[in-house]
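Here are a few notes to read with the picture open. Have a look at the helices and the charged side chains as you go.

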Amino acid sequence: MAVGRYNFVKKIRNGKYFGTAYTATLIFNAVEKGIVDYTTVELKEKQRLDHLAGVVYKDSSYWWVIAAASGIGWGLQVPPGTVIRIPTSLEKTMSVL
């Protein structure tokens, strides 16, 4: 059996997976509409979203939140120079789901 990239994403709220295409769309739209505050970062060589999530949220498994806010489909293959959006409050970001 194949392992999906969301198999290890945390389950929150009634055991539902977050980090799916549906929740990514909700986060992206909330950022676009100004509901969720964010900062921007231009990725440098060898920087990855999971590393940034580890620094910002103290948990690298939230890489998908940064990917969703930035409209990125697969966050571990983002080239240097890409401008990404990092939601400033994980709690507020989750509240839009």
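1. In which hand of crossing does α1 pass α3? The crossing is right-handed. Keep in mind that this is a predicted model.

2. Now for the geometry of that pair. The axes of α1 and α3 (residues 63-70) lie 7 Å apart, and the two helices pack at an angle of about 55°.

3. Who does the touching? On the α1 side, look for Thr23, Ala24, Ile27, Phe28 and Val31; on the α3 side, find Trp64, Val65, Ala68, Ala69 and Ser70. Sorted by class, the contact of α1 with α3 comes out as 8 nonpolar and 2 polar residues, with no charged ones.

4. On to the charges. Side chains of opposite charge can pair when their charged atoms come close. Searching the whole structure turns up 2 salt bridges.

5. One of them joins Glu32 to Arg85, with 2.7 Å between the closest N and O atoms. This pair ties together distant parts of the chain: Glu32 belongs to helix α1 (residues 21-32) and Arg85 to strand β4 (residues 83-87), 53 residues apart. Glu32 is partly exposed, at 48% relative accessibility, while Arg85 is buried at 13%. The cut-off for buried is under 20%, so Arg85 makes it.

6. Arg48 and Asp50 form a salt bridge too, at 2.5 Å from N to O.

Key
Residues numbered from 1 in each chain as written. Predicted model: local features only at pLDDT ≥ 70, side-chain atom pairs only at ≥ 80, totals over all residues. Heavy atoms only, no water. Salt bridge = Lys/Arg side-chain N within 4 Å of Asp/Glu carboxyl O. Helix = DSSP H or I, 4+ residues; strand = E, 2+ residues; numbered from the N terminus. Buried < 20%, exposed > 50% of the residue type's maximum accessible area, 1.4 Å probe, protein only. Axes fitted to C-alpha atoms, helices over the stretch in contact; angles between N-to-C directions. Left-handed = near helix turned anticlockwise from the far one by under 90°. Contact = heavy atoms within 4.5 Å. Nonpolar A, V, L, I, M, F, W, Y, C, P; charged D, E, K, R; others polar.
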